[in-house]
Amino acid sequence: MAQLEVENVTLTFGGVAALTSVSLAVEKGELVSVIGPNGAGKTSLLNCISGFYHPQRGRILFEGQEITRSSPHEVTRKGIARAFQNIELFSGLTVLENLMLARHTYLGYNLFQAGVFYGKALDKEVENRRMVEEVIDFMELEPYRKALVGNLPYGVRKRVEVARALSLSPKLLLLDEPMAGMTLEEKEDMVRFILEIRAQGTTVILIEHDLGVVMDISDRVYVLDFGQVIAEGPPEEVARNPRVQEAYLGVGA
Amino acid sequence: MRNPWAQTGNYRTSYRQDTSIFATHRELVSLLLFLGFLLVLPQFLSRTQVFILDLILVYSIAVLGLNITTGYAGLINIGQAAFMGVGAYTAALLAPQGLPFWLVVPLGGLVAAFFGFLVGIPSLRVKHLYLALATLAFQVVFEWTVGHLPLLKQGGAMDMPRASFLGYEAGFRNHFHFWYYVALAILVILALFFRNLLRTRYGRALVAVRDNDRAADAMGMDPGRTKLFAFALGAFYAGVAGVLYAYLSRAVVIEDYTFAVSIKLLAMAIVGGLGTLVGSFLGPAFLELLDVNMEALSNLIKALGFSVAGVDVASALRPLAFGLIIVLFLMFEPRGLYNWWRLVRSYFRTWPFKY
């Protein structure tokens, strides 16, 4: 059985169908991309998986457990992490604090241990700090550790966004346009990070507009258009699909 | 060999050290010296002067609670005085039964925390100004209820007994001194508790909910529970402050816990610096001392004989100065007195270097 199964999910807002009977299956360790023109329903699909939206029909299974109606924090606790498209960091906190927030559920001390800050609270903080430092090291964020997120340049904030999702120690990572608006070098760095994350065994679902990147690094590609899956398969196959070419370039191209 | 007293800047070399509150030895020692100064200070002051310090300490506890709810968690609360009142009326009912004050203080806090929890429930649904209205509703309901309950003398004065501790009686002469030390001890404990929370997941969760509750949800924390926690904890602090205020003024009257007092607490939080720990002490100290000085100034004006027919210049001066100060702060230093404190602190941290 696949790690993540999305079965015939339909999501409507009033009379507008954002997703119509979308199905998707992702195996453990895969890097799957979801592409499609603007407004095709890519982010809506991620919102359904991560619990921000609840589809009207269909169901979503993660490791065999149904998460269709779960709230975002319940989904996160099951091991699905998400990096947002429009950076949703905590701007009043430092990079370090943002990443430590992702360790929230791993810091199992109670209010009074926290209030005296001795013993378990201190130990857990230090232990999780060590883990967060590994992520900082991995995402090359060392110079920004103590900087307020609100003061960082856009490209770095995008990286912090991914680092925060990684700090959740997820089994499945959802990346919503992690390379949007980045320079070529920043994109190359990000691709390197994504391939490295995947090499460590984390399943990745990637939404991306840069088709060059998608075709290069994905195991499989899903193409959405007007809320429906119009093609699915290995990158080369999808690129040859006439319906995909039509969706991207228009009829007769 | 490094001299620990000559530290400038950051000397931390382990993650454990990096969790510490004080950057240098000098900072820790100067705080301890200041606390020592606060311990001996009342010995050199008159009873009325100590009373003003008492007020500053008690309001600091309430403002600290307000900072937890409004400053850190971003949930606007304009009913903090009502939470103080809940604590005070709890004390007015329990203390005459013979309960010692060190039991009444936490009990008053807990009852207030329970009401804070209830008032926080709308915060699961509504935000910003709409939430502020919900807390205002609580303030109104509180005042109305007290005003109609015979049990609470319909808002009239309910006497509070004098307290004693380890055989030490708070009598007429040492009443204000006694409560000075009690309030100081409680303030230090509560401030330290919250300062510790700030470096743990509880403190980070508060700020996360304030900055972005959607993302907080995606971090695996329940934003609703965090908001209720913020309300309950903030109300706990207010409740404790209310009990102390009740003992201090030796009576519980509804006038001490009205909407105007809620606004005063909010003003103290803003002048001190919203969402800062130190601001919770600076704000009350500044506004209370301002109030006293304005009183002195207005007496002087009265004595000098400046008067406009039909207008009491002297008594108009206090609210005028209060309003003016708040407007000036909002215009020129919206980060409050804390920002000045921050500049001074960072200067001394790296002294004798510039940065």
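**Figure 1. Helices α3(B) and α4(B) are oblique to each other.** The model shown here and in the following views is a predicted one. Helix α3 of chain B spans residues 80-94, and helix α4 of chain B spans residues 101-120. Their axes cross at roughly 135 degrees and come within 8 Å. The crossing in which α3(B) passes α4(B) is right-handed.

**Figure 2. Residues at the contact of α3(B) with α4(B).** From α3(B), the contact is made by B:Phe83, B:Val86, B:Gly87, B:Thr90, B:Ala91 and B:Leu94. The residues contributed by α4(B) are B:Val104, B:Leu107, B:Gly108, B:Gly109, B:Val111, B:Ala112, B:Phe115 and B:Gly116. By class, the contact of α3(B) with α4(B) comprises 9 nonpolar and 5 polar residues, with no charged residue.

**Figure 3. Helices α6(B) and α9(B) are roughly antiparallel to each other.** In this view, helix α6 of chain B covers residues 175-198 and helix α9 of chain B covers residues 223-249. The two helices pack at an angle of about 175 degrees, and their axes are 11 Å apart. Because angles over 145 degrees count as roughly antiparallel, the pair falls into that class. On the side of α6(B), the residues that meet α9(B) are B:Trp179, B:Ala183, B:Ile186 and B:Leu190. Their counterparts in α9(B) are B:Tyr237, B:Val240, B:Leu244, B:Tyr247 and B:Leu248. The contact of α6(B) with α9(B) has 9 nonpolar residues and neither polar nor charged ones.

**Figure 4. An open sheet of 4 strands in chain A.** The strand order is β2-β1-β4-β5, and the pairing is antiparallel. Strands β2 (16-26) and β5 (65-66) of chain A form the edges, each pairing on one side only. Strand β1 of chain A, residues 4-13, pairs with β2(A) in the antiparallel sense over 7 bridges. One bridge links A:Leu11 to its partner A:Leu19 in β2(A).

Figure 5. Taken along the principal axes, the box filled by the C-alpha atoms of chain B is roughly 65 × 50 × 50 Å.

Conventions
Residues are numbered from 1 along each chain as its sequence is written. Chains are lettered from A and ligands numbered from 1 in the order in which they are written. This is a predicted model: local features need pLDDT of at least 70, side-chain atom pairs count only at pLDDT 80 or more; totals for chains, interfaces and linings use all residues. Axes are lines fitted to C-alpha atoms, for helices over the stretch in contact, and angles run from 0 to 180 degrees between N-to-C directions. Angles under 35 degrees count as roughly parallel, over 145 as roughly antiparallel, 65 to 115 as roughly perpendicular and the rest as oblique. Two residues are in contact if their C-beta atoms, placed from the backbone, lie within 7 Å. Ala, Val, Leu, Ile, Met, Phe, Trp, Tyr, Cys and Pro count as nonpolar, Asp, Glu, Lys and Arg as charged, and the others, Gly among them, as polar. A crossing is left-handed if the near helix is turned anticlockwise from the far one by less than a right angle, and right-handed if clockwise. Two strands pair if DSSP finds at least two bridges between them.
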